Amino acid sequence: MQLTRPRTVLTALAGALALSLAGPAQAATGTLTLGFQQIRNPSGCYDAPFTPLRAANRTNATATVYSEPGCAGPALARLAPGQDGVYEFGASLYIP
């Protein structure tokens with residue numbers, strides 16, 4: 001039994017070290033237009049201000065359009081950098 005405890009501690013320490021070496025998450029660089037709102041260096045989930053969801057992706061990341069608020073439900077489309085789109089059933093958009 002005493003051999004498993006040091007192993008558990010070492011495993012936990014190794015996991016913590018691996019997490020600390022990972023760099024911080026970074027927002028997309030550029031501007032995302034959602035409806036009439038412009039979001040500079042966006043990151044995360046954004047609910048559409050109205051329907052249909054209208055978006056212009058002027059960032060360096062691909063955005064995903066979802067059918068439900070809070071980036072829930074099925075993914076409807078992916079919006080690559082430089083693309084514009086109108087999504088009749090889009091309710092939210094996620095960009096890393």
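Two strands count as paired if DSSP finds at least two bridges between them. Helices (H or I, at least four residues) and strands (E, at least two) are themselves DSSP runs, numbered from the N terminus. Keep both ideas in mind as you click along.

**Before you start**

What you have open is a predicted model, in which local features need pLDDT of at least 70, side-chain atom pairs count only at pLDDT 80 or more, and totals for chains, interfaces and linings use all residues. Residues are numbered from 1 along each chain as its sequence is written, and side-chain values use heavy atoms, with hydrogens and water left out.

**Stop 1: colour by confidence**

Colour the chain by pLDDT, the predictor's confidence in each residue, from 0 to 100. The protein chain has an average of 83, and 74% of the residues reach at least 70. Now select residues 8–24, where the pLDDT is below 50. Beyond near neighbours in sequence, this stretch makes zero contacts in the model, a contact being heavy atoms within 4.5 Å.

**Stop 2: the sheet that holds β5 and β6**

Switch to a cartoon view and pick out β3, β8, β5 and β6. These four strands make an open sheet in that order, β3-β8-β5-β6, with antiparallel pairing. Which strands stand at the edges? They are β3 and β6, each of which pairs on one side only. From one strand to the next, the twist averages 30°; axes here are lines fitted to C-alpha atoms (for helices over the stretch in contact), and angles run from 0 to 180 degrees between N-to-C directions.

Zoom in on β5 and β6, an antiparallel pair joined by five bridges. Select Ala63, and opposite this residue you will find Leu79 in β6. Then follow the hairpin of these two strands, which has three residues between them. Gly70 takes a positive phi there, near 75°.

Next, move over to β3 and strand β8 (residues 92–95). They pair in the antiparallel sense over four bridges.

**Stop 3: the disulfide**

How many disulfides does a search of the whole structure find? The search finds one, where a disulfide is a pair of cysteine sulfur atoms within 2.5 Å. With 105° about the S-S bond, the link is right-handed. Cys45 lies in strand β3 (residues 44–47) and Cys71 in the loop between β5 (63–68) and β6 (72–79), so the pair ties together parts that are 26 residues apart in sequence.

The scale is relative accessible area: buried is under 20%, exposed over 50%, and partly exposed in between (1.4 Å probe, protein chains only). Cys45 is partly exposed at 35%, whereas Cys71 is buried at 18%. While Cys71 is selected, check its backbone too: phi is near 55°, a positive value in a residue other than glycine.

**Stop 4: the sheet that holds β1 and β4**

Now pick β2, β1, β4 and β7. They form an open sheet of four strands in the order β2-β1-β4-β7, again paired antiparallel. At its edges are β2 and β7 (84–87), each with a single partner strand, so one side of each has no neighbour in the sheet. Neighbouring strands here are turned by 15° against each other on average, direction ignored.

Inside this sheet, β1 and β4 run antiparallel and are joined by five bridges. Select Leu32 and look across to its bridge partner in β4, Asn57.

**Stop 5: rings and loops**

A pair of aromatic rings is described by the distance of the centres and the angle of the planes. Rings of Phe, Tyr and Trp (its six-membered ring) pair if their centres lie within 6.5 Å; planes under 30 degrees apart count as stacked, over 60 as edge-to-face and the rest as tilted. By this rule there is one aromatic pair. Select Phe36 and Phe50: this pair is tilted, with 5.8 Å centre to centre and 40° between the planes. Phe36 is exposed at 77% relative accessibility, while Phe50 is partly exposed at 29%.

Move on to Pro52, in the loop between β3 and β4. A cis peptide bond joins Thr51 to Pro52, with omega about 0°.

Finish at Asn41, in the loop between β2 and β3. Its phi is positive, near 50°, in a residue other than glycine, and Asn41 is partly exposed at 36% relative accessibility.
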